[in-house]
Amino acid sequence: MPNSSFAVKKGTVDKKNILVITLMLIAFAAANSALAQNSPPAKKDAAKSSTANDASQPNPGDFIELLRKDVRSQKKQIIAENMDLSDAEAEKFWPVYDRYAAELSRIYDTKIALLKDYVENYSSMTGEQAENYIRKRAEVEQSIMQLRLKYMPAFRKVLSGRETALFYQLDWRLGLAIDVELMQVPLINP
């Protein structure tokens, strides 16, 4: 595996976790690659109806759901392994993290719902609908950043400044990895 952008302190366990996440993301991307191809709308509609009739075809929504569940638990495990918290620190940190993660999860639910809607409708969107999609995506991204800023004082109460920075670095990197795969949706035709 090439040098990962995830700088981790521990050895094989972290590499194993990152490998699991990477494999899940690759599986998601492979399933989504069929959607990312730019074919004429008639072919897309025909492909959509044949996919709907073929129960053996993977549903991108199922992959998104699997990705969400597995990544959430893996994310917490990777953070735990890299934060190197004492028992006393962990006792204070995890309740704050759980509140943060629950709020972040609700924002990601909105983001995923928005992406699912986009995937289902991108070939027939009007210009106004496309612009509305962009505005909503920007609002979601802004909500994520606002949440991070909101929780910074709470994390800082239970962690040192360097530990808080490490947590946010891990959180951002894992979030970026998820976002890269969620962005494997087809581009809209002008």
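This is a predicted model: local features need pLDDT of at least 70, side-chain atom pairs count only at pLDDT 80 or more; totals for chains, interfaces and linings use all residues.
Helix α4, which covers residues 87-121, has 35 residues and spans 49 Å from its first C-alpha to its last, close to the 51 Å expected at 1.5 Å a residue.

L149 has its place in helix α5 and is exposed, with a relative accessible area of 51%.

Side chains of opposite charge can pair when their charged atoms come close. The count of salt bridges in the model comes to eight. One of them joins D171 and K75, whose closest N and O atoms are 2.7 Å apart; because D171 lies in helix α6 and K75 in helix α3, this pair ties together parts that are 96 residues apart in sequence. Both D171 and K75 are buried. In another salt bridge, E103 meets K150 at 2.9 Å, N to O, and since E103 belongs to helix α4 and K150 to helix α5, the pair ties together parts 47 residues apart in sequence.

Within helix α5, R135 forms a salt bridge with E131 at 3.5 Å between the closest N and O atoms, the two residues being four apart and thus separated by about one helical turn. Salt bridges that share partners also join K111, R137, E141 and D179 into one network. Of these residues, D179 is found in helix α6 (residues 161-182), is buried, with a relative accessible area of 14%, and has a side-chain polar contact of 2.8 Å with K111.

Technical notes. Residues are numbered from 1 along each chain as its sequence is written. Side-chain values use heavy atoms; hydrogens and water are left out. The expected span of a helix is 1.5 Å times one less than its number of residues. Buried means under 20% relative accessible area, exposed over 50%, partly exposed in between (1.4 Å probe, protein chains only). A polar contact is a pair of N or O atoms within 3.5 Å; within protein, one must be able to donate a hydrogen and the other to accept it, and residues adjacent in sequence count only if both atoms are side-chain atoms. A salt bridge is a side-chain nitrogen of Lys or Arg within 4 Å of a carboxyl oxygen of Asp or Glu.
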